[in-house]
Amino acid sequence: MNQHPQHNRRQFLGQSAALACSAPLVMSASGPLLAAGDKNNNRKLRVVFIFTPNGTVKEGFWPKTEGHKFEITPVLEPLEKYRDKMLVLHGVCNHLRGDGDNHMRGMGCFLTGIELFPGNVQGGSHSPAGWAKGISIDQEIKNYLQSKPETRTTFGSLEFGICVRNDANPWTRWSYAGPNQPIAPISNPYQMHKKMYGEIKDQKYIQQAIDLLQTEFDKAKQSIQNQDRQLVENHQAHIAKMRESFLQKRKSLAVAPPKLPTGVPVDRTQMPKLTRMQIDLMVNGFQNDLNRVATLQFTESVGQPIMKWLGIKEGHHQLSHDPDLNKKSQEKLVKINQWYAEQIAYLVKKLDETKQVGSDRSLLDDTLIVWGNELGHGNSHTLNNIPLVLIGGGESFGIEMGQFRKFHRVPHNRLWLTIAHSFGHKIKTFGNPRLCKGGPLNLK
Amino acid sequence: MRLLNRRFQPVFWVLGLATVVVVSANFPTETSQLENSDSNRISPVSRAIIHSDATGKQIYEKQCASCHGKDGQGVADHYDEPLVGELSLEKLTKLVAETMPEDDPDACVGKDAEKVSRYIYDQFYSRAAQKKRAVPKKRLARLTQQQFINSVADLVATFQWRITTKDFYKQEKRGLKATYYHSRHFRGNKRIKTRVEQNVDVDFGDQLPDVIPKPKPPKKKSRNLEYDPTKEFSVQWVGGIAAEKTGEYEFIVRSKNGFRLFVNDYTKPVIDQWVTSTGNEYRTKVYLLGGRVYPFKVDFFRFRDPTSGISVSWKPPHQTEHVIPQSVLYPEWTGHIGIVHAAFPPDDSSSGYNRGTSVSAQWDEAVTAAATEVSDWCIRHLRINRIKKGKITEKQNAQMKSFCIRFVETAFGRKLNKAERQFYVEQFFDPKYQPIERIKLVVILTLKSPHFLYPELPTEKTTENQRTIVAKRLALYFWDSIPDQQLIDASRAGHLENADASRPHFERLLNDYRTRQKIDSFFEYWLNLGEVEETTKDEKTYPDFKVETAIDLRQSINHFVDDIFWSDDSDYRKLFSADYMYANASLAKFYSLDSTPFNDSKNADRFVKTKADKNKFGLVTHPYLLTGLAYHKNSSPIHRGVFIARSLLGRKLKQPPDDVEPLTEEFNPKMTTRERVEHQTKATACMSCHGVINSLGFSLENFDAVGRFRKTEKQKEINAVSNYETIDGNQIRFDGPEGLAKFIANNPHAQKSFLRHLFQHLAKQPVEAYGHNALDQIHAKFVASRFNMKTAVIEIAKYAAFHDIQLNRPAKPKSETRKQK
């Protein structure tokens, strides 16, 4: 391709820039990991991605002072106790463009780092879109961990939802098993409990039916083509997986499953109770090593919970549209985000107080919590400066906690690279490769 | 890197000068998008070399392709959206001449702009061009969540007697059968009377019910606590309850006495308060499928309580709580409806409507769980659990086998051939299987079979199979369920293919109560009715607007569309011309409607047709939509305009630039909403879409954020005059809502948009997959039927059901041929 002299020059510039950034990183990242040696290898690293909607509150969220001396802002107050285990990131941006409004891309491109397919779902603005074009980082890490016997767990990952609306569209899905394959979070704690600890009814008959049906599916596939055939093939693959799971004996549990309060209606008025139940399940799952990856999705993009328990009568999304000058709305938004922070603090506290089975390390020591959002700021719908907070045992992940760090418009894909690398999964790019230039963000 | 690129662009342009033509000609567009796009940039200098005799194509490739892509598909980092839209050719030309290329708008003007615009318009920009380029295909689909649940319910229902909704509507009797007993138990010898009552809402005070003759007071005070004829009695209300919509129904019972409430099962109460406690109000939620009648029963008794009374209310989806009215109650026993409880993940709605075109582990698990649930029901129903091991009689065995064959055949909607009978049923009638195991295996195998889950799985193309497919399709279009025997028989006999013979069959399909649920959800989808419970408004500006107001409005709009759709002429245009609104007393007050109907106490809690002032034009001015499409405090011409443009007029709109914060009142407190919007969108680039959006939205500026009529805003008179440019490039002046409503009612694009939505909702496939002129043909019939929406449903169903069906027309019966001779 000699006809692009400038292109080559740019390519060169780009590459050298990437080299310049990544060279020290590679060294510093591998340094302590190597030094830690066996000790780190035995650690059961876990990651939790937490989503809360509608952007944050500029004044209430962002600290003013960079570095270790950052001040705890009103939104972060509930997490103050864990200040030293927390890293607040500014300047990390979702640079994905293309189809879908910002709420859709903010959601669907967040964990995936890649565009949405063109589609027919129309948002409040922009062009219509479909599902994301690629796998999400939580699933990427899960697949990596499941691929090795020493890190394989019963489920690999569990997708928790809190009052997620019962619609499948780009606003309600952020975790993807692959292109066009959104994963539905489970918002019902009783259902999650059943999934995690339940026995499957009539397993014997189901198993026999599945075996018999193989021929029916094979015959069906012969009569159809292309996409249609793909659909039936996917179906068959899921059935095969179910069959496989029957054969695997359930590991015996190290700790008893949590007892959930009975009869809590699964609707938005019960959000606080449901959140506690889901978090209790999540922590227990980690204790029993059922999974190493978890997502926790509070409502959905454009989430409109009405937090009556905080004395707020308007829906969250509606409030997020009010201008920054509207003091009352800003106060309410701070309250809402503070409530979310409280829930995260509950999770952090539980992880901190729970010892890993057969070790004196707490779960928190080897867990990384990543709290994000589909937008930077509610009323402008910007995808820049996503409010990102990392909490957990930084040492295990090669991340220096206890800081407020500012970057300049770096694509968030690079943050996902950092996290993948901290699990030992040394991928060069994730999502749209164009947004991975510079490699993993250096969070040392 | 992005920033860096921008800064250095001029340098690259000069460098790229000589190569640029080669680049755009040689590069495959796909790869040039990502990696090489920046180098495609054309320098301003190069544009000078374009000759005046260049064709539109040449101009496009030289001046436009670097940012818009070779086929207008867009280029990452520059303009990454496809170049499609709805400006008229004239407008497009003007836009190109004035604003393009972005960095040097003078480089393409006059004749060049005309030529290039024509090229863009014909090649990919216009609707016709887009149609030519992308033809969506029909996809094989599995049953959606709703279709699965409905199908199973109707499958189970074929095996037991029950009140069908047809019976429900044919007969006029309403209410519940109330049986009074003069004892606290329902003892036959103490039964006093059975009569039909309106509903369950009664206060007996400290008395006995009037039907029980006054007992003589006992001569001396009985010490026997067992029986006190002066106080003790019980009542049983029994019958059916009809649910119109699918969703969660909350049942609320208020009583201080002992009671049990049964919904959809006469044997298992959903609330059991037989033992009284201190409470007074009990609630529970039950998921019901629309268009079906469910068993309903209330047991009630008084023993020594000082007073007695009971009232049973419900809160159906999107309605406020109210005492269950007589109109939904039926005073006869009816059978249980098998609603499975398995937790299905929501269906893929990424095409804008729910489709079964994807599968997930969770879905497979839900199907499996549902199958085991149904197998349990069958075992109970056939009382197989009572058969002792090894003690099955020949007769029982034969009954069980015939049940199983019928079960599979009903599920698949067709007769099984010999091999299938062996595979699905007979192989399990081997002595090595216990009776329970047989049922379990047959049911699980059937409900997990691709023949049940994919109703359109291709079969051998015999006439009978093809006709089965037609019946199955129609059942899905109208009911989201499996076909009943009547439909299968009609199809097999070829009655559906004949215009005259098919009429009563289609009428039956349409008038089935389940179709009401389908139509109801269509309007919810087309008009984006959403979750009404979440609407709140600024308390200072609208102190009387409560959450209940929003729920009432939702009911009002439902009554309105139901009323027009189910009327005889079912005229689509009336949706936009009706000068009345459905209101209850509180809505009438809030919106200053004619209050005379509410002077009649009978109407106190009902929704009645209420004359509105002269500013009501059906949907366009319905306060539910206007309220939803508005901010907390102010109206929003942009939301309203976008809704009308997209949902009603079927126009496509482009992206606005990123990160636009809407200007709020604080920007300039003296400006009206219209002035603010005009100020923010005045740039030419904005106006390519906002020209359309604003002109539609502004015509509704007489309606505030709760849809009330107003003449002024900020002490200024409302200006609702606007000029709208149609898809065909005509200018229309709207002076308020009247002109807009008339325009929508009569505009063919709007009508087609309605039909497209209807088609997708019924068939769950894109209409374009049925041929490039499918929509035009359906529209022509719509016009011929004087815009009858019910007829449109039938025509769409026919069109889609017979698509790609090849029938070997059977030879005419011999007798007829003979006659002709």
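## Chain A at a glance

Two residues are in contact here when heavy atoms of theirs come within 4.5 Å of each other. With that in mind, take the contacts in chain A between residues at least 6 apart in sequence: 72% of them join residues at least 24 apart. Keep in mind that this is a predicted model.

Chain A is built with 13 helices and nine strands. It has 444 residues, and 60% of them count as buried. As for what is left showing, the accessible surface of chain A comes to about 17800 Å², and carbon and sulfur atoms account for 53% of that.

## An aromatic pair in chain A

Now for the rings. Counting over all chains, there are 56 aromatic pairs. One of them is F110(A) with W416(A): the ring centres sit 5.3 Å apart and the planes meet at 80°, so this pair is edge-to-face. The cut-off for that label is an angle over 60 degrees.

## An aromatic pair in chain B

Over in chain B, have a look at F523(B) and F565(B). Their ring centres are 6.1 Å apart with the planes at 80°, so this pair is edge-to-face. F523(B) sits in helix 19 (residues 513-526) of chain B and F565(B) in helix 20 (residues 547-565) of chain B, so the pair ties together parts that are 42 residues apart in sequence.

Both partners are tucked away from the surface: F523(B) is buried at 1% relative accessibility, and F565(B) is buried with a relative accessible area of 1%.

## Arginines over rings

Which residue lies over the face of F70(A)? That one is R83(A), at 4.4 Å from the ring centre. Chain B has an arginine placed over a ring as well: R184(B) lies over the face of F303(B), 4.1 Å from the ring centre.

Methods. Residues numbered from 1 in each chain as written. Chains lettered and ligands numbered in written order. Predicted model: local features only at pLDDT ≥ 70, side-chain atom pairs only at ≥ 80, totals over all residues. Heavy atoms only, no water. Helix = DSSP H or I, 4+ residues; strand = E, 2+ residues; numbered from the N terminus. Buried < 20%, exposed > 50% of the residue type's maximum accessible area, 1.4 Å probe, protein only. Areas by Shrake-Rupley, 256 points an atom, 1.4 Å probe, with all protein chains shown as cover. Phe/Tyr/Trp six-rings, centres within 6.5 Å; stacked < 30°, edge-to-face > 60°. Lys NZ or Arg CZ within 6 Å of the ring centre and 35° of its normal.
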